[in-house]
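Grab a pencil and work through these exercises with the structure open beside you. Each task comes with a solution that goes step by step.

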Amino acid sequence: MRKIIIDTDPGIDDAIAILLALSAKKELDVLALTTVNGNVDVEKVTKNACKILEVAGRTDIPVYKGNDKPLVRARINCEEFHGDDGLGNAGAEDSEKEIETEHAVDFLIRKAEEEKGELTLVPIGPLTNIAQAVQKDSGFVKNIQEVVIMGGAEHGGNMSPHAEFNFWTDPEAAKIVFQAGFRKITMIGLDATSDVFLSPTLRELLYLINTPISRFIHKMTRVYADGHWEIEKKLGCELCDVLTIAYLLDSSVAETVDAYVDVETSGLCDGASVVYRTFYYPDKKQNCKVAVSADTKKFFEIFFGYLFPEYREFALREL
Ligand code: BDR
Ligand code: CA
């Protein structure tokens with residue numbers, strides 16, 4: 001069983017990623033959720049983390065509040081995609097759950113030390129907390145087994161022609177993480193997540209499945225799907241963060257290449273991840289694997305197989 005901490009800014013796709021992780025009871029041990037400013041402010045994302053745990057019936061999992069702004073830049077949020085509350089204004093009930101008093105960064109450092117080499121970090125928001133842990137504790141990096149990040153893109157961003165939201169929000173933090181020397185980093189960026197789009201048909205199936213979790217996902221994704229229509233004239237919505245969890249459950253869901261990644265922190269390409277595939281740039285020292293595509297069918301097999309196993313075949317029929 002793999003021990004993971006999800007560093008998150010819920011966020012509609014964050015919420016779905018967390019629900020998928022919690023459904024994989026034999027494979028993933030979710031030790032905690034740590035929160036960070038991103039899709040909405042840190043107060044809201046922290047509240048949302050508790051709401052999601054409530055929906056999943058897992059309020060035993062601790063939530064630690066992290067940074068309320070990027071390392072050096074001003075705060076940026078993304079309500080237009082995730083709704084004012086960050087969860088698609090779906091009316092999710094507030095949770096009574098209390099958050100921990102320790103700061104997320106201090107917790108990450110402490111837990112990494114305790115679990116020495118057995119911890120996988122899954123950052124699915126801006127990388128502020130992770131970068132700060134790297135800066136604060138010289139032993140942090142070597143205590144981490146693996147980092148699976150949702151962020152960046154080899155080709156094409158979603159906030160500028162080159163930059164993806166999580167990296168664009170805090171590029172200095174992303175740069176620190178890629179240069180920190182982690183044993184293993186996988187960057188799951190937009191090149192791969194664009195292959196895992198929730199179609200209107202599968203969204204309707206979630207409604208018809210009619211469990212509290214399926215209805216929660218259906219309701220939350222309304223605003224998200226509206227945003228995709230308004231901005232891109234696309235039907236359905238993306239499930240970016242969810243691919244990180246699917247990848248942990250079955251890494252063959254994404255095709256990866258070895259690469260050296262650096263992050264631009266100024267100018268026209270501010271916030272862009274620059275991906276040097278080591279096959280083409282053998283002089284560059286590999287610092288991560290980059291997901292370049294995802295297997296759509298396999299992804300939804302995992303998604304429905306874990307969350308709603310009895311509907312897996314119905315979902316696959318619609319792909
Ligand atoms: C990323 O940005 C956020 O809006 C999503 O939650 C995801 O983490 C995609 O670019
Ligand atoms: Ca996110």
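**Exercise 1: rings**

Phe 140 and Phe 182 are both buried, where buried means under 20% relative accessible area, exposed over 50% and partly exposed in between (1.4 Å probe, protein chains only). Before you go on, note that this is a predicted model, in which local features need pLDDT of at least 70, side-chain atom pairs count only at pLDDT 80 or more, and totals for chains, interfaces and linings use all residues. Residues are numbered from 1 along each chain as its sequence is written, chains are lettered from A and ligands numbered from 1 in the order in which they are written, and side-chain values use heavy atoms, leaving out hydrogens and water.

Task: work out what kind of aromatic pair Phe 140 and Phe 182 form.

Step 1. Get the rule: rings of Phe, Tyr and Trp (its six-membered ring) pair if their centres lie within 6.5 Å; planes under 30 degrees apart count as stacked, over 60 as edge-to-face and the rest as tilted.

Step 2. Apply it: the two centres are 6.3 Å apart with 85° between the planes, so Phe 140 and Phe 182 are edge-to-face.

Step 3. Helices (H or I, at least four residues) and strands (E, at least two) are DSSP runs, numbered from the N terminus.

**Exercise 2: a metal site**

Task: find which residues coordinate the calcium ion (ligand 2).

Step 1. Look for donors, meaning N, O and S atoms within 2.8 Å of the metal (3.2 Å for Na, K and Ca); water is not among the atoms, so sites may look incomplete.

Step 2. List them: Asp 9 (OD), Asp 14 (OD), Asp 14 (OD), Ile 124 (O) and Asp 241 (OD), at 2.2 to 2.6 Å.

Step 3. Read the spacing along the chain: D-x4-D-x109-I-x116-D. Asp 9, in the loop between β1 (2–8) and α1, and Ile 124, in the loop between β4 (119–123) and α5 (128–136), are 115 residues apart.

Step 4. Check burial: Asp 9 and Ile 124 are both buried.

**Exercise 3: a glutamate**

Task: is Glu 115 buried or exposed?

Step 1. Locate Glu 115 in the loop between α4 (104–114) and β4.

Step 2. Its relative accessible area is 14%, so Glu 115 is buried.

Step 3. Leaving aside neighbours within four places in sequence, Glu 115 is in contact (heavy atoms within 4.5 Å) with Lys 3 and Leu 31.
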